[in-house]
Amino acid sequence: GGLGDSFRNNTDYQWMVGGQWVAHPGGILDYDVNIVKKDDPIVRGLKDFRVKSEQYYMHVDPSNDVLATTTFSGEEAPWVKGCVMPVVWKRRWGEGNVFYSSLGHAASDFEVFEVREIMRRGMLWAMGEF
């Protein structure tokens with residue numbers, strides 16, 4: 001997730017990443033991750049899953065190729081109730097590939113198979129292996 005909260009004063013960097021972190025409403029909580037592009041090789045064969053971590057509220061680029069989302073309950077921030085937020089995306093930047101995942105805020109998050117597998121596949125895709 002740190003990829004989306006680095007170089008806050010560099011808008012070119014934010015454009016490359018495709019988003020900028022804003023807040024973690026509710027802190028550490030249980031939330032659902034929904035796979036939305038089921039045919040993409042990064043998430044193919046994975047089912048929706050639940051994690052206990054910080055849910056990222058972000059400003060995101062509409063040109064991102066979104067692979068997974070989460071929906072805010074609004075319990076801690078009622079004004080975002082029902083807001084569907086990208087969690088995993090990929091995009092092109094010049095001749096390169098950019099992969100982003102807000103999953104994995106803490107090392108323990110990678111105990112969830114889907115989190116670990118998305119990160120593994122996403123890094124392979126970014127290297128041009130997929």
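Helices (H or I, at least four residues) and strands (E, at least two) are DSSP runs, numbered from the N terminus. This is a predicted model: local features need pLDDT of at least 70, side-chain atom pairs count only at pLDDT 80 or more, and totals for chains, interfaces and linings use all residues. Residues are numbered from 1 along each chain as its sequence is written, and side-chain values use heavy atoms, with hydrogens and water left out.

**View A. Glu117 and Arg121 pair within helix α2.** Arginine 121 forms a salt bridge with glutamate 117 (a salt bridge is a side-chain nitrogen of Lys or Arg within 4 Å of a carboxyl oxygen of Asp or Glu). The closest N and O atoms of this pair are 2.9 Å apart. The two residues sit 4 residues apart in α2, about one turn of the helix. Arginine 121 is buried at 13% relative accessibility (buried means under 20% relative accessible area, exposed over 50%, partly exposed in between; 1.4 Å probe, protein chains only). Glutamate 117 is buried too, at 11%. Shared partners join Glu117, Arg120 and Arg121 into one salt-bridge network. The model's salt bridges number 8.

**View B. Lysine 37 and aspartate 65 form a salt bridge.** Their closest N and O atoms are 2.8 Å apart. Aspartate 65 belongs to strand β5 and lysine 37 to the loop between β2 and β3, so the pair ties together parts that are 28 residues apart in sequence. Aspartate 65 is partly exposed at 23% relative accessibility. Lysine 37 is partly exposed at 29%.

**View C. Aspartate 40 is a buried residue in the β2–β3 loop.** Its relative accessibility is 5%. The side chain of aspartate 40 reaches the backbone nitrogen of isoleucine 42 at 2.9 Å. Aspartate 40 also touches Asp65, Leu67 and Lys90, leaving aside residues up to four places away in sequence (contact means heavy atoms within 4.5 Å).

**View D. Aspartate 5 and arginine 8 form a salt bridge.** The closest N and O atoms lie 2.7 Å apart. Aspartate 5 is partly exposed, with a relative accessible area of 32%. Arginine 8 is partly exposed at 43%.

**View E. The largest nonpolar core has 17 residues.** A nonpolar core is a set of buried Ala, Val, Leu, Ile, Met, Phe, Trp, Tyr and Cys residues joined through side-chain atoms within 4.5 Å. Val33, Ile42, Phe49, Val51, Val88, Leu103 and Ile118 have the most contacts inside the core. Two or more residues each come from β2 (28-35), β3 (49-54), β5 (65-71), β6 (84-93) and α2 (113-126). Apart from this core lies another, of 11 residues, including Tyr13, Val17, Val80 and Met85. Isoleucine 118 touches Ile35, Ile42, Val43, Leu46, Phe49, Val88, Phe99 and Leu103, not counting residues up to four places away in sequence.

**View F. Tryptophan 15 and tryptophan 93 form an edge-to-face pair.** Rings of Phe, Tyr and Trp (its six-membered ring) pair if their centres lie within 6.5 Å; planes under 30 degrees apart count as stacked, over 60 as edge-to-face and the rest as tilted. The model has 4 aromatic pairs. Here the ring centres are 5.1 Å apart and the planes stand at 80°. Tryptophan 15 lies in helix α1 (residues 11-17) and tryptophan 93 in strand β6, so the pair ties together parts that are 78 residues apart in sequence. Tryptophan 15 is exposed at 51% relative accessible area. Tryptophan 93 is partly exposed at 32%.

Note on methods. A polar contact is a pair of N or O atoms within 3.5 Å; within protein, one must be able to donate a hydrogen and the other to accept it, and residues adjacent in sequence count only if both atoms are side-chain atoms.
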